[in-house]
Amino acid sequence: MVPAMKLLLVEDDPSMQTALQRTLTKRGMEVVVCGDGLLALERWKKSPPDVVMLDLTLPGMDGLLVLEEARRSGLGTPVLILTARGTVGDRVMGLNSGADDYLPKPFDLDELEARLRALHRRRAPAGQPAAVDPGIGGLHWDRQSGAIHFRDEILELAPREAALLQALLARPGHAVPKERLFELVFPGEADVQYEAIEVVVYRLRKKLAHTGVKLVTLRGLGYLLKAGE
């Protein structure tokens, strides 16, 4: 049996809390609710969920600050921002702070579920026997925290760079199709051009330069990681 997705819902509106918890639980998710930014960050660190759904306007600590602090702490859990702040500027700010996806209120519940499940597919299911991948060339992905290490150093990666590298580390030495990488790096983003994956690849290559691990393009096949010789 596939374990249920463990979702941390950070939302301070009681009616929204109740409605979302009831609906998403019926759809097979384990939902933990928290209405305070500081408490949510503490819970996130203590027991990392599979996905975090984060409102921006919160008591205790603003949602963007919660997200920034989580990323600084090495928490790589996929995050969906859910908020009434629907402007492009707010969306860009959230994504730059480390969010993986953004859904403004009001929203369609089917779309919300689809986006959450797309984010969940990025990481290993709860209960995986191995929390850390074997890795390649000194690079290792800690599936529990989401952090990627080079030897004893945590790599500073943007969320899309991390999603791309995680997908490649899941199959070190094997080509991952460009189409699959696009789905993982830009889940549910129909307005993003297909070539945008090449920009993420370019940025990631620069950040891997000091590791000796090469991100190789195989024309017609996709991309793979190759340990330096």
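Axes here are lines fitted to C-alpha atoms, for helices over the stretch in contact, and angles run from 0 to 180 degrees between N-to-C directions. Helices (H or I, at least four residues) and strands (E, at least two) are DSSP runs, numbered from the N terminus. What you see is a predicted model, where local features need pLDDT of at least 70 and side-chain atom pairs count only at pLDDT 80 or more, while totals for chains, interfaces and linings use all residues. Residues are numbered from 1 along each chain as its sequence is written, and side-chain values use heavy atoms, with hydrogens and water left out.

The chain as a whole, then. The chain has 8 helices and 10 strands. Of its 229 residues, 47% are buried, where buried means under 20% relative accessible area, exposed over 50%, and partly exposed in between (1.4 Å probe, protein chains only). For contacts, the criterion is heavy atoms within 4.5 Å. Among contacts with a separation of 6 or more, 58% join residues 24 or more positions apart.

Now the helix pairs. The axes of α7 (residues 178–185) and α8 come within 10 Å and cross at roughly 85°. The two helices are therefore roughly perpendicular, given that 65 to 115 degrees counts as such, under 35 as roughly parallel, over 145 as roughly antiparallel and the rest as oblique. On the α7 side the contact uses Lys 178, Leu 181, Phe 182 and Val 185, and these meet Ile 197, Glu 198 and Val 200 of α8. By class that is 5 nonpolar, no polar and 2 charged residues. The classes put Ala, Val, Leu, Ile, Met, Phe, Trp, Tyr, Cys and Pro as nonpolar, Asp, Glu, Lys and Arg as charged, and the others, Gly among them, as polar.

Helix α8 (residues 196–208) also packs with α6 (residues 159–169), at an angle of about 85° and with the axes 9 Å apart. That pair, too, is roughly perpendicular. Arg 160, Glu 161, Leu 164 and Leu 165 represent α6 in the contact, and the α8 residues include Ile 197, Val 200, Val 201 and Leu 204.

Tyr 223 sits in strand β10 (residues 222–226) and is buried at 7% relative accessible area. Its contacts, not counting residues up to four places away in sequence, include Lys 178 and Leu 181, along with Glu 198 and Val 201. Tyr 223 and Lys 178 are 45 residues apart along the chain, with 6.9 Å between their C-alpha atoms.

Next, α5. Asp 108 caps the N-terminal end, with a side-chain oxygen 3.0 Å from the backbone nitrogen of Asp 110. The buried residues of α5 include Leu 112, Leu 116 and Leu 119, and their cover includes β1 (6–10), α1 (14–26) and β4 (79–83). Arg 115, also in α5, counts as buried at 14% relative accessibility. Beyond four places in sequence, Arg 115 touches Asp 101, Tyr 102, Leu 103 and Gly 188.

Last, Gly 63 in helix α3 (residues 63–72). Gly 63 is buried, with a relative accessible area of 0%.

Methods:
A polar contact is a pair of N or O atoms within 3.5 Å; within protein, one must be able to donate a hydrogen and the other to accept it, and residues adjacent in sequence count only if both atoms are side-chain atoms.
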